[in-house]
Amino acid sequence: MSVPDVATAYQLQETPDGVRGVMTTLAVAAIGEGDLLVRVTHSCVNYKDGLAATGAAPIARRLPLIGGIDAAGVVVEAAGEHQVGDHVVVTGFDMSEKHDGGYAEYVRVPASWAVPVPEPLSLWDAMVLGTAGVTAALGIHQLERNGLRPGQGPVAVTGASGGVGSVAVAMLAGRGYEVTAFTGKADEHEALRRLGATTVEGRPDTEKVRTLDSEMWAASMDSVGGQTLAWLASTTKRGGGIASYGNAGGVKVATTVMPFILRGVNLFGINSGWFPDEVRRELWHRMATDLRIDTAAIGHTREFAALPQVCREIVTGSVAGRTVIRIADPD
Ligand SMILES: NC(=O)c1ccc[n+]([C@@H]2O[C@H](COP(=O)([O-])OP(=O)(O)OC[C@H]3O[C@@H](n4cnc5c(N)ncnc54)[C@H](OP(=O)(O)O)[C@@H]3O)[C@@H](O)[C@H]2O)c1
């Protein structure tokens with residue numbers, strides 16, 4: 001398939017209302033930098049994508065810039081280990097911050113950023129997972145390196161109906177963990193049980209967080225941050241870990257050193273954008289094997305034209321599960 005001169009893209013631009021995502025047409029030759037050219041078939045919408053496209057937070061460090069922190073597609077100009085026709089996935093790095101991202105019919109990136117989509121995952125599966133999958137898998141990976149094993153007690157997941165949260169619930173349940181899912185959405189309790197949560201509860205009351213509270217969680221995975229993270233620190237069991245990757249509920253955490261020095265609670269910061277290449281490959285391998293989830297239970301598809309709407313919805317916290325954006329067919 002020959003590469004056209006122009007492509008449709010959702011570009012972050014400075015507008016009279018501030019930074020906004022705008023559907024536009026760009027020369028393919030002007031998209032991205034790097035030696036690998038990928039025809040994008042699918043992308044997805046993460047919280048950060050919503051923040052970038054609505055101007056709710058200054059994500060792009062240069063403008064104009066194509067949005068989208070994730071992309072999956074077919075190689076059209078070979079580079080590195082990737083051959084023409086290979087299915088690849090790119091998540092994180094500087095996409096949508098300093099480098100053109102996945103919201104375009106083509107993306108050009110350094111070959112080292114791309115990972116072959118492992119069998120039996122499809123390009124659609126890869127975008128149900130996307131940065132959310134990498135983040136959840138990295139969180140579980142770090143907690144297991146800290147000694148977490150099934151049978152040690154419940155693992156708490158906050159923001160459970162969201163992208164990372166729902167993937168984390170499904171991955172943990174699939175690995176045999178007992179999962180307590182916290183959600184602010186009463187109508188998502190049943191769906192979270194179907195994903196494998198043993199218990200589903202409303203968001204924890206974080207008005208008055210005690211220094212040390214009853215020990216409840218063998219480990220915790222946190223999308224919310226703020227006082228929810230402080231509460232997790234006070235309720236995680238002796239020696240347990242907390243994977244902290246989100247700030248959907250705030251950035252300010254008022255806690256003390258007590259959970260860390262008296263109970264040996266471990267706080268693991270998770271950054272899905274930058275971490276060693278070999279770990280990235282291992283995580284994709286795990287997502288195709290022992291951390292494999294039923295992507296159809298979490299993912300739903302929207303067309304490229306609906307992207308601006310989905311970006312607005314995700315910043316209000318009203319999107320459940322993972323939204324894949326269909327940009328083109330793989331063949
Ligand atoms: N560190 C990393 O590498 C990394 C990677 C990906 C995402 N993240 C961060 O992780 C978080 C989740 O990302 P996502 O893509 O899963 O977003 P998402 O789909 O919007 O999910 C966030 C969830 O958090 C809960 N929530 C939203 N606002 C809240 C509030 N004010 N107080 C308490 N809970 C609230 C909601 O779940 P319920 O209604 O179920 O409670 C919401 O669905 C975000 O902060 C994102 O920036 C970080």
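**View 1. Pro-64 in the loop between helix 1 and strand 4.** Pro-64 sits in the loop that links helix 1 to strand 4, where helices (H or I, at least four residues) and strands (E, at least two) are DSSP runs numbered from the N terminus. The peptide bond between Leu-63 and Pro-64 is cis, with omega about -5°. The model is predicted, and local features need pLDDT of at least 70, side-chain atom pairs count only at pLDDT 80 or more, and totals for chains, interfaces and linings use all residues. Residue numbers start from 1 along each chain as its sequence is written.

**View 2. The cis peptide bond at Pro-120.** A cis peptide bond leads from Glu-119 to Pro-120, with omega near 5°. Pro-120 belongs to the loop between strand 8 (115-116) and helix 2.

View 3. Strand 1 (residues 6-15) and strand 4 run antiparallel and are joined by two bridges, and Leu-12 is placed opposite Leu-65 of strand 4.

**View 4. Phe-93 and Ser-96 in the loop between strand 6 and strand 7.** Phe-93 lies in the loop between strand 6 (87-91) and strand 7 (106-109), and Ser-96 is also placed in the loop between strand 6 and strand 7. Phe-93, a residue other than glycine, has a positive phi near 50°, while the phi of Ser-96, again positive in a residue other than glycine, is near 75°. Phe-93 counts as partly exposed because it has 17 C-beta neighbours inside 10 Å, whereas Ser-96, with 28 such neighbours inside 10 Å, counts as buried. With C-beta atoms placed from the backbone, a residue is buried if 20 or more other C-beta atoms lie within 10 Å of its own, exposed if 12 or fewer, and partly exposed in between.

**View 5. The shell around the ligand.** The ligand is surrounded by 31 residues, the closest being Gly-159, Gly-162, Thr-183, Gly-246 and Gly-249; a residue is near a molecule if its C-beta atom, placed from the backbone, lies within 6 Å of it. Helix 1 (47-54), helix 2 (123-145) and helix 3 (163-174) are the elements that contribute two or more residues to this shell. Because domain 1 (6-116 + 298-326) and domain 2 (132-269) both give residues to the shell, the ligand lies between them; the domain bounds come from an automatic or database domain assignment.

Technical notes. Two strands pair if DSSP finds at least two bridges between them.
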